[in-house]
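Good morning, and thank you for coming. I would like to take you through one protein model, beginning with a helix and its neighbours and ending with the overall fold.

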Amino acid sequence: MEDWSIIIREQAAMTLWTLAGAQKPQRKMIAEKIGISQIISMLISKSEKLQYVGAKCVVSLVFENLSNQNLILKENGIDPLIRLLKLEKTSDRVILAVVETIGALCVDIAHVNNERTQTELAEKGALTLLLRILENPPSKFIQIETAHAIACLILNRPNSEYLEKKLDISLILGLLETNDLEMRLKAGSAITVLAYNNTENQYDIKVNGGISYDYYAVYFEKKSINPILLCRACFQVSVALLFSLDK
């Protein structure tokens with residue numbers, strides 16, 4: 001594929017990703033068929049379409065998969081991701097995909113953190129870039145995804161280990177203020193991960209107003225709610241009950 005013209009490569013990549021659909025197992029299978037070396041080649045391409053598919057492929061490979069996370073690290077896949085966040089011309093959808101990738105690189109099943117990828121990303125300046133996006137986001141959805149990525153990057157680590165300044169918890173709590181139920185749960189996930197095994201963040205969440213049950217009531221009261229959203233809401237409420245929920 002590397003010897004083809006850029007147009008052919010773009011068409012092939014977009015076709016494969018369309019075939020992958022929305023199901024995680026199918027996406028992972030397609031990403032595995034493309035291969036890590038080819039995916040990294042896509043990330044360093046000047047083509048926005050290749051950058052996008054490349055980043056989405058990495059997410060599919062590393063989501064809750066420690067061995068693939070470490071393989072991306074071994075194959076020097078971190079640098080192209082950081083580069084894309086630094087470039088001024090990177091499109092919003094590529095930024096979103098890269099931010100999602102960074103979060104996924106840091107967490108295995110059951111909120112187990114990957115210290116190797118966390119350390120590498122922090123040393124490459126990922127947190128500085130993510131904090132900049134959090135404070136000046138291209139969109140609300142990117143801001144929420146960025147908050148989640150930051151939470152994953154410092155998961156099970158002292159805040160001071162990677163953060164040069166105190167995290168603005170009030171800003172992150174404010175992300176719950178959205179009528180989009182998917183986005184609200186993503187924001188809730190960011191808060192949940194921040195609070196997980198982190199008493200400093202738990203305290204900061206509480207003193208900044210905590211989490212109101214009203215944000216989650218709709219998931220339990222709406223009869224037509226997606227079961228996956230309901231499960232995610234249940235988990236977040238169970239965690240919030242330990243330190244913050246007002247009801």
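Helices here are DSSP runs of H or I of at least four residues, strands are runs of E of at least two, and both are numbered from the N terminus. A contact means heavy atoms within 4.5 Å. H6 itself covers residues 78–86, and its buried residues are Ile78, Pro80, Leu81, Ile82, Leu84 and Leu85. Buried means under 20% relative accessible area, exposed means over 50%, and partly exposed lies in between, with a 1.4 Å probe and protein chains only.

Before I continue, please note that this is a predicted model, in which local features need pLDDT of at least 70 and side-chain atom pairs count only at pLDDT 80 or more, while totals for chains, interfaces and linings use all residues. Residues are numbered from 1 along each chain as its sequence is written, and side-chain values use heavy atoms, leaving out hydrogens and water.

**Aromatic rings**

Let us turn to the rings. Those of Phe, Tyr and Trp (its six-membered ring) pair if their centres lie within 6.5 Å; planes under 30 degrees apart count as stacked, over 60 as edge-to-face and the rest as tilted. The count by this rule is two aromatic pairs. Tyr213 and Phe220 are stacked, because their ring centres are 6.2 Å apart and their planes stand at 5°. Tyr213 is partly exposed at 24% relative accessibility, and Phe220 is partly exposed at 34%. Tyr216 and Tyr219 form a tilted pair, with 6.2 Å from centre to centre and 45° between the planes. Both of these tyrosines lie in helix H15 (residues 214–221), three residues apart, about one turn of the helix. In general, an α-helix has 3.6 residues a turn, so residues three or four places apart point the same way. Tyr216 is buried at 2% relative accessibility, and Tyr219 is buried at 0%.

**Cysteines**

How many disulfides does the structure hold? There are zero, a disulfide being a pair of cysteine sulfur atoms within 2.5 Å. For Cys57, the closest cysteine sulfur is in Cys106, 19 Å away, and therefore too far for a bond. Cys106 is likewise in no disulfide, as its nearest cysteine sulfur, that of Cys152, is 6.5 Å away. Cys57 is buried, with a relative accessible area of 0%, and Cys106 is buried at 0% as well.

**Two loop residues**

Most residues other than glycine have a negative phi. Glu64, although not a glycine, has a positive phi of about 50°. Glu64 sits in the loop between H4 and H5 and is partly exposed at 38% relative accessibility. Asn156 is also not a glycine, and its phi is positive, at about 60°. Asn156 belongs to the loop between helix H10 (140–153) and helix H11 (159–162), and is partly exposed at 30%.

**The overall fold**

To close, consider the protein as a whole. It has 16 helices and zero strands. Along its principal axes, the C-alpha trace spans about 60 × 45 × 30 Å. Of the 247 residues, 54% count as buried. Among contacts with a separation of 6 or more, 70% join residues 24 or more positions apart.
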